[in-house]
Amino acid sequence: MTEASGTQPVVHDIIARLKDKPGALLPVLHGIQDALGYIPADSVPSIARELNLSRAEVHGVISFYHYFRQTPPGKHTIHVCRAESCQAMGASQLEAHVKATLGIDFHETTADGQYSLEAVYCLGLCACSPAVQIDHDLYGRVSPGTFDRIINELEPSA
Amino acid sequence: MSITVYVPCDSGAIALGADRIAAAIAQQAEQRGLAITLVRNGSRGLYWLEPMVEVATAQGRMAYGPVQAGDVASLFAADFLNGGDHGLSLGLTEALDYLQRQQRLTFARVGITDPVSLDDYLAHDGYKGLNNAISMIQADIVKAVTDSGLRGRGGAAFPTGIKWNTVLNTPSEQKYIICNADEGDSGTFSDRMVMEGDPFVLIEGMTIAGLAVGATVGYIYLRVEYPHAHKALNAAIDKAYAAGYLGDDILGSGKAFHVEVRLGAGAYVCGEETSLMESLEGKRGLVRFKPPLPAVQGLFGKPTVVNNVISLASVPIILDKGGDYYRDFGMGRSRGTLPLQLAGNLKHTGLIEVAFGLSLRELLYGFGGGSASGRPIKAVQVGGPLGAYLPESQFDTPLDYEAFAALWAVLGHGGVVAFDDTVDMAAMARYGMEFCAIESCGKCTPCRIGATRGYELMDEIMQGKDIDKNILLLRSLCDTLLNGSLCALGGMTPYPVLSALNHFPEDFGVKPQAAV
């Protein structure tokens with residue numbers, strides 16, 4: 001059994017729980033991504049069947065929204081805000097520092113699977129720019145130095 | 001007796017360490033055998049002082065900030081629980097100049113109450129508006145909102161009462177209220193602050209809207225980037241159901257209203273109301289043609305009110321104190337108050353709710369304290385990523401929808417982002433085009449293709465290639481975007497781009513006199 005097919009029971013539970021909501025597709029996709037970290041390709045046929053949509057429609061929705069992932073994320077996902085307020089406070093330098101430190105660009109994951117890097121266009125923390133989100137934690141007024149400290153405090157993965 | 005200590009649960013405060021402060025305060029109090037009640041309030045909106053801790057004393061609430069985890073022990077040593085003096089003392093919160101100079105109507109409770117306590121909400125005038133509305137006829141509720149002069153605070157500034165009236169007068173067995181909480185505009189965070197700091201006011205506003213137009217179902221379309229708001233809204237919704245403020249029989253009136261939070265998925269364009277409805281229906285967030293207006297044929301083809309968070313959160317006070325009370329604030333056709341958000345390179349960033357009419361300069365210097373870097377403020381972007389950049393010569397403009405429109409600028413959702421003189425405005429113009437290209441829904445050609453051609457042109461201009469020819473082309477492209485796009489994303493991207501070019505031509509390698 002492949003790893004992805006092991007996710008099928010989870011996917012089916014989520015679809016069964018949410019499919020009767022009006023406009024159920026986004027709640028279903030959120031449910032799957034919350035549980036698995038991404039939306040596996042082999043969940044698309046099940047979603048399509050249960051929601052009475054074509055696979056193309058489901059794929060179209062997944063690929064339209066920046067937030068939905070089609071590949072597993074690294075152990076930690078780092079979102080760096082690129083919007084204007086953060087730029088006014090040094091976000092471009094921070095962005096360059098983060099990319100250089102991790103050795104990856106946006107939408108990439110480090111080779112050791114430790115970090116995924118994503119751009120975000122506003123976290124609503126514009127009064128404490130520049131802002132970064134790492135997993136579920138928010139950080140304001142992040143300098144390259146504070147970024148290094150935060151990363152060092154994250155436990156190294158096994 | 002237990003002393004009440006307030007540590008904000010606002011995500012801005014949390015991003016600056018508020019959770020660690022709250023834990024440290026609880027731990028110190030326990031170690032010292034002191035009885036405290038720790039309340040996680042919303043933010044007062046003075047972000048340069050966050051995390052700002054408050055203590056309830058006989059004189060009133062005393063503030064301390066910005067508090068770092070290492071300060072907690074010394075705060076206890078200074079007897080801050082009894083208002084003791086400390087290096088971080090700010091005095092009585094209510095006496096802080098930044099707050100004293102505001103007129104907080106929509107934000108009346110934010111930072112004061114426990115956001116998810118219904119009792120606290122009721123003790124601070126909560127649900128008074130709904131109590132009035134429940135015995136009113138529908139047309140009178142709509143009339144109160146029309147009389148208040150409230151205009152859509154999401155950015156488009158369309159009169160809220162007129163929108164409601166259309167939905168009221170469109171017969172249908174099912175109607176919807178949608179709260180647009182997809183606050184994607186960078187530089188804005190007032191929706192977030194309300195949802196995290198006073199979620200009941202939004203729920204109350206939506207319930208009143210439902211009664212007014214005959215809608216029984218409401219959706220809050222919340223951006224996924226706001227997990228703390230999501231938690232607060234769901235907690236408040238559960239409590240409102242349990243206490244009969246939501247459900248099939250609101251306050252025994254026999255009228256029904258239900259609210260559910262739905263999450264977006266990181267698409268800026270879904271803040272556009274028709275794209276938002278597509279997304280709620282489970283589709284790609286493609287913009288719809290208008291007409292039909294959402295008020296006639298909206299969500300699932302039914303008449304739908306789509307209002308911004310701040311618009312809906314302003315409704316309870318209008319129904320509580322009357323349309324006239326609200327209308328008496330403001331200037332010209334901009335009535336009431338506008339929550340402004342000071343962001344970017346400023347000393348005193350934060351939330352300022354004031355009546356329309358204050359000048360941008362007063363906002364930037366009187367409230368904002370000038371740039372954080374100490375350098376001159378070169379440009380200010382007002383109204384989000386699709387708002388124009390204003391140069392110093394326009395700082396005396398009053399904050400008023402029409403005054404901004406006269407300058408070919410917008411107030412939008414009230415975001416104000418300041419840049420010091422190190423900013424390269426050509427780079428900002430390029431970013432404006434790049435952002436549009438990333439976020440375009442792809443339905444109309446000017447936006448889908450024009451934005452990409454736009455940042456390619458900006459790349460050439462920034463490399464000094466054929467500047468005059470490329471600028472002509474850029475202006476022509478902007479003309480197409482302005483007049484040919486289906487929605488405001490393509491239609492307003494020229495605002496930041498052309499305002500940057502017109503006010504700061506030297507950054508584009510153009511001699512100032514050559515600019516038109």
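Select A:Asn52 in the loop between helix 3 (44-51) and helix 4 (55-64) of chain A. Helices (H or I, at least four residues) and strands (E, at least two) are DSSP runs, numbered from the N terminus. This is a predicted model: local features need pLDDT of at least 70, side-chain atom pairs count only at pLDDT 80 or more, and totals for chains, interfaces and linings use all residues. Residues are numbered from 1 along each chain as its sequence is written, while chains are lettered from A and ligands numbered from 1 in the order in which they are written.

**Stop 1**

Most residues other than glycine have a negative phi, and most peptide bonds are trans. Is A:Asn52 buried or exposed? A:Asn52 is exposed, because 8 other C-beta atoms lie within 10 Å. The cut-offs: a residue is buried if 20 or more other C-beta atoms lie within 10 Å of its own, exposed if 12 or fewer, and partly exposed in between, with C-beta atoms placed from the backbone.

Now go to B:Asp125. Look in the loop between helix 5 (118-123) and helix 6 (128-133) of chain B. B:Asp125 is not a glycine, yet its phi is positive, about 70 degrees. B:Asp125 counts as partly exposed, with 15 C-beta neighbours inside 10 Å.

Next, pick the bond from A:Ser129 to A:Pro130. This peptide bond is cis, with omega near -10 degrees. A:Pro130 sits in the loop between strand 3 (115-120) and strand 4 (132-134) of chain A. Chain B has a cis peptide bond too, joining B:Pro291 and B:Pro292, with omega about 5 degrees. Find B:Pro292 in the loop between helix 12 and strand 9 (304-308) of chain B.

**Stop 2: the domains**

Colour chain A by domain: domain 1 is 4-64 and domain 2 is 76-153. Domain bounds come from an automatic or database domain assignment. The centres of these two domains of chain A, taken over C-alpha atoms, are 29 Å apart.

Chain B is assigned domain 1 (3-100), domain 2 (118-326), domain 3 (329-420) and domain 4 (425-514). From domain 1 of chain B to domain 4 of chain B, the C-alpha centres lie 46 Å apart.

**Stop 3: a sheet in chain B**

Show the open sheet of five strands in chain B, with the order 2-1-3-4-5 and mixed pairing. Two strands pair if DSSP finds at least two bridges between them. At the edges are strand 2 (36-39) and strand 5 (89-92) of chain B, each pairing on one side only. The twist from one strand to the next averages 25 degrees.

Zoom in on strand 1 (residues 3-6) and strand 3 (residues 53-57) of chain B. They run antiparallel, joined by two bridges. Select B:Tyr6: its bridge partner in strand 3 of chain B is B:Glu54.

Move on to strand 4 (residues 60-64) of chain B. It pairs with strand 3 of chain B in the antiparallel sense, over five bridges. How many residues lie between strand 3 and strand 4 of chain B in their hairpin? There are two. Select B:Val53 and look for its bridge partner in strand 4 of chain B, B:Tyr64.

Helix 2 lies across strand 1, strand 2 and strand 3 of chain B, at about 170 degrees to strand 2 of chain B. Axes are lines fitted to C-alpha atoms, for helices over the stretch in contact, and angles run from 0 to 180 degrees between N-to-C directions.

**Stop 4: where the chains meet**

Show both chains. Here 44 residues of chain B are in contact with 35 residues of chain A. Contact means that the C-beta atoms of two residues, placed from the backbone, lie within 7 Å. On the chain B side, helix 1 (11-15), strand 8 (258-263), helix 12 (273-280), strand 12 (337-344) and strand 16 (415-420) each supply at least two residues. The residues of this side divide into 22 nonpolar, 15 polar and seven charged. Ala, Val, Leu, Ile, Met, Phe, Trp, Tyr, Cys and Pro count as nonpolar, Asp, Glu, Lys and Arg as charged, and the others, Gly among them, as polar.
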